[in-house]
Amino acid sequence: MSDRRHPPLKSITTTPDHPQAAAQPVDGPAVGEPKGVAGGVPIAVRPDARPVTGPYPVAWLTIRTPYQMTPSATSTCVCGWDRSAVGKPRVLALIADHAAHRDTCPLRTPQEGRAAA
C-alpha cells in the first residue's frame, strides 16, 4: 500500500562543476558600425512617433511650500527661460515674472509675421 499523503519525488538535476559560457548569436559581428553607414556619418534619428496636433505645454511654474518651511519656486520654459526663487517675496516676484514671460516668449508669440497680422 502506497502513502498518498506524499507525492513521488522528482529527479534532482546535477550542478556543473565548472563555469559554462552562454551561447552567442552567429548572425554577424558584435562590434563595428551598423551596415549601410558611411564613416563619420551619424545614424538618422526617427521622427517623434506622436506628432503634436494641438496645444502643448511650453512653460512650467513649480511652487513648493512645505509646512512651516521656506517656500521655493522654479519657472522653466522650452525656449530656455529657467529661473528659481527661495523665500516668499522672491517666489511672489517669480510668479509675476513667469506670467510676464508668457507675453514675451518667442515660442508662444512668434515674432515673424506679427506686423502682417
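In what order do the elements of the protein chain run from the N terminus on? The order is β-β-β-α, in a model that is predicted.

Good morning, colleagues. Residues are numbered from 1 along each chain as its sequence is written. In this predicted model, local features need pLDDT of at least 70, side-chain atom pairs count only at pLDDT 80 or more, and totals for chains, interfaces and linings use all residues; side-chain values use heavy atoms, with hydrogens and water left out.

I begin with the chain as a whole. The mean pLDDT, the predictor's confidence in each residue from 0 to 100, is 76 for the protein chain, and 59% of its residues reach 70 or more. Among the elements, the lowest mean pLDDT, 92, belongs to strand β1 (residues 59-64), and the highest, 95, to strand β3 (residues 82-86).

The protein chain has 117 residues, of which 13% count as buried. Buried means under 20% relative accessible area, exposed means over 50%, and partly exposed is in between, with a 1.4 Å probe and protein chains only. The accessible surface of the chain comes to about 11,200 Å², by the Shrake-Rupley method with that 1.4 Å probe. Carbon and sulfur atoms account for 58% of this surface.

Let me turn to the strands. Two strands pair if DSSP finds at least two bridges between them. Strands β1 and β2 run antiparallel and are joined by six bridges; here A59 stands opposite C77 in β2. Strand β2 (residues 72-77) is also antiparallel to β3, with five bridges between them. In this second pairing, S75 stands opposite R83, and A73 has A85 as its bridge partner.

In the loop between β1 and β2 we find Q68, which has a positive phi of about 55° although it is not a glycine. Most residues other than glycine have a negative phi. Q68 counts as exposed because its relative accessible area is 69%.

What lies over the face of W81? It is R83, at 4.0 Å from the ring centre. The rule asks for NZ of Lys or CZ of Arg within 6 Å of the ring centre and within 35 degrees of the ring normal.

Finally, the helix. Helix α1 (residues 88-104) contains V91, and P89 also has its place in helix α1. Is V91 buried or exposed? V91 is buried, because its relative accessible area is 5%. P89, in turn, is exposed, because its value is 65%.

Contact means heavy atoms within 4.5 Å. Leaving aside neighbours within four places in sequence, V91 is in contact with I63, P71, S72, A73 and A85. Two C-alpha to C-alpha distances complete the picture: V91 and T74, 17 residues apart in sequence, are 8.5 Å apart in space, while P89 and P71, 18 residues apart in sequence, are 9.5 Å apart. For the protein chain, 18% of the contacts between residues at least 6 apart in sequence join residues at least 24 apart.

Thank you for your attention.

Note on methods
Helices (H or I, at least four residues) and strands (E, at least two) are DSSP runs, numbered from the N terminus.
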